[in-house]
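User: I'm new to reading protein models. Could you walk me through a few features, one at a time?

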Amino acid sequence: MASVRHHDHGLPLSETWTVEDVGPALISFKNSWELFIESLLREWKTLNIVSALLLSAILSMLQNQEMAYDPSVRTLALVSLTCALMSLIYGCMYIIQSTILKSMYKTTSWVQETQRTLWSTWVMLALPGVWLAWSMIFFIASILAFVWRSGSTADPSTPSSLGPDAAIGPRVLVSVFFILGTAYVGAIVKTLQECGRMNDATGETEMARETRDDIGDGRDGGGEGA
């Protein structure tokens, strides 16, 4: 028999994700998941705008020589710049791959990942907001550092640079944030690739099943006609 589809929801009527006879609970869950992703997409677009504005503000701040030459202000500003850049990258990746995120083929396994702490889908979805929050914190800290380290007659007009040993700390701090953000990019790409391969495999299976059903119906019809 040919595969029967639910005309109201456009899904195969199935007891699981891909076989026939989908129940109303699954339909409700699918609609709720799509609404959830849509709300996240609107949030990510807003966060991208804020990240872009923050990047412009940080770059403008670093063009000020008094700020750029102060080791504390420069280090905090560079960490903030790194966090804002990573937030923007994550948000763009999610918006571009929104079709994969809306897919239902891996949603059940995602729901079961709530016990994981280091990496899960929920950690992945929260990354743009988390990194933007850290960027804002470091940006505010850099402004406060500049306020308390300049403007007084006791403060030097041109802050002295750090020595070779002292400069290692700020360099390591900025590098750690950059490496951590890059590692998250790799984890996101891996997760989205797994979802994409699962979608393709499930789609090919569904297409092959429908083809076999259509061929079977044609043979049955030919036999009855004979």
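Analyst: Let's go through a salt bridge, its surroundings, the cysteines and a surface patch. This is a predicted model, where local features need pLDDT of at least 70, side-chain atom pairs count only at pLDDT 80 or more, and totals for chains, interfaces and linings use all residues. Residues are numbered from 1 along each chain as its sequence is written, and side-chain values use heavy atoms, with hydrogens and water left out.

User: How many salt bridges does the structure hold?

Analyst: The general idea: a salt bridge is a side-chain nitrogen of Lys or Arg within 4 Å of a carboxyl oxygen of Asp or Glu. Here, the structure holds one. Asp 70 pairs up with Arg 149, and their closest N and O atoms are 3.0 Å apart. Asp 70 sits in the loop between helix 2 and helix 3 and Arg 149 in the loop between helix 6 and helix 7 (168-225), so the pair ties together parts that are 79 residues apart in sequence. Helices are DSSP runs (H or I, at least four residues), numbered from the N terminus.

User: Is Asp 70 buried or exposed?

Analyst: Go by relative accessible area: buried means under 20%, exposed over 50%, and partly exposed in between (1.4 Å probe, protein chains only). Asp 70 has 3%, so call it buried.

User: Which backbone nitrogens does the side chain of Asp 70 reach?

Analyst: Look for polar contacts: pairs of N or O atoms within 3.5 Å; within protein, one must be able to donate a hydrogen and the other to accept it, and residues adjacent in sequence count only if both atoms are side-chain atoms. The Asp 70 side chain reaches the backbone nitrogen of Ser 72 at 3.0 Å, and that of Val 73 at 3.3 Å.

User: How many disulfides are there?

Analyst: A disulfide is a pair of cysteine sulfur atoms within 2.5 Å. This structure holds zero. As for cysteines, Cys 83 is buried at 0% relative accessible area, while Cys 92 is partly exposed at 33%.

User: Which residues form the nonpolar patch on the surface?

Analyst: Patches are made of residues with over 30% relative accessible area and no salt bridge; like charges are joined within 9 Å, nonpolar side chains (Val, Leu, Ile, Met, Phe, Trp, Tyr) within 5 Å. Here you'll find Ile 140, Ile 143, Leu 144, Val 147 and Trp 148, together giving about 550 Å² of accessible area, by the Shrake-Rupley method with a 1.4 Å probe, where for residues only the protein chains shown count as cover. Val 147 belongs to helix 6 (residues 121-148) and is partly exposed at 49%.

Technical notes
Helices (H or I, at least four residues) and strands (E, at least two) are DSSP runs, numbered from the N terminus.
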